[in-house]
Amino acid sequence: MNTEQLQLVLQSAWTSLPTLLGALPVTLGFALAAMLLGLPLGFLVALARLSRLGWVRNLSSLYVSFIRGTPLLVQIFVIYYGLPSLGVTLNPIAGGVVALTLNAAAYLSETIRAAILSIPRGQREAATSLGLNAGQTMRLIVLPQAARVALPSMSNTLIGLVKDTSLVSVITVVELLRSAQLVIARTFEPFGPYLAAALIYWAVSSLLEVVQRVLERRFSRGS
């Protein structure tokens with residue numbers, strides 16, 4: 001690449017930035033929505049996997065195995081293009097949020113389950129001897145400690161979701177990657193817009209990593 005070509009790429013990346021940044025809230029909205037919806041669902045799945053009822057454990061394990069064993073892109077296609085054949089039609093935004101939420105919940109459930117299991121059984125027994133029931137023990141003893149253990153993995157899940165939102169571009173959602181593709185369709189110069197999109201993803205992920213480290217230090221002081 002000579003100097004002139006480099007200048008053209010940089011100019012293309014710079015001129016595409018306003019359009020790409022305009023689509024960034026959509027990307028962040030998808031990631032945050034999937035995380036906020038996936039956390040409670042993941043918690044329920046984690047509890048199901050810890051259940052004493054065999055059929056509950058088996059169903060939740062099957063869900064986690066299916067989600068973790070299939071590509072997110074395929075899951076998006078199944079939800080957006082497959083469900084209409086069963087009479088369930090979702091618009092692109094709803095379809096994308098549902099797919100990302102179900103995917104995030106499966107991974108979050110494993111994080112939460114592992115964090116809960118990391119708390120020594122003796123603490124539960126001590127809480128029971130003090131008269132706490134199972135719900136109080138979980139809420140007051142187990143979950144506050146499990147949250148500290150699970151924080152790094154949950155933060156990584158959120159960072160992963162920011163990048164995974166690029167896949168909803170295949171169902172015509174105009175998020176960051178789709179916005180770059182639309183710019184390229186007008187300018188016929190792919191390198192610049194794709195480079196700008198990559199830098200934005202990198203910047204957001206780096207910022208989230210900084211927030212993660214700050215939260216980890218604060219939780220560590222609290223413990």
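User: Before we start, what should I know about the numbering and the model?

Analyst: Residues are numbered from 1 along each chain as its sequence is written, and side-chain values use heavy atoms, with hydrogens and water left out. The model is predicted, so local features need pLDDT of at least 70 and side-chain atom pairs count only at pLDDT 80 or more, while totals for chains, interfaces and linings use all residues.

User: Happy with that. How many aromatic pairs are there?

Analyst: A pair of aromatic rings is described by the distance of the centres and the angle of the planes. Rings of Phe, Tyr and Trp (its six-membered ring) pair if their centres lie within 6.5 Å; planes under 30 degrees apart are stacked, over 60 edge-to-face, and the rest tilted. Here a search of the whole structure gives 2 aromatic pairs. Phe77 and Tyr81 make a tilted one, at 5.6 Å centre to centre and 50° between the planes. Both residues lie in helix H3, 4 residues apart, about one turn of the helix. Helices are DSSP runs (H or I, at least four residues), numbered from the N terminus.

User: And why is the pair of Tyr80 and Tyr81 classed as edge-to-face?

Analyst: Their ring centres are 4.8 Å apart with the planes at 80°, so that pair is edge-to-face. Phe77, Tyr80 and Tyr81 together form one aromatic cluster.

User: Which of those residues are buried or exposed?

Analyst: Buried means under 20% relative accessible area, exposed over 50%, and partly exposed in between (1.4 Å probe, protein chains only). Tyr80 is buried at 19%, whereas Phe77 at 33% and Tyr81 at 46% count as partly exposed.

Notes:
Helices (H or I, at least four residues) and strands (E, at least two) are DSSP runs, numbered from the N terminus.
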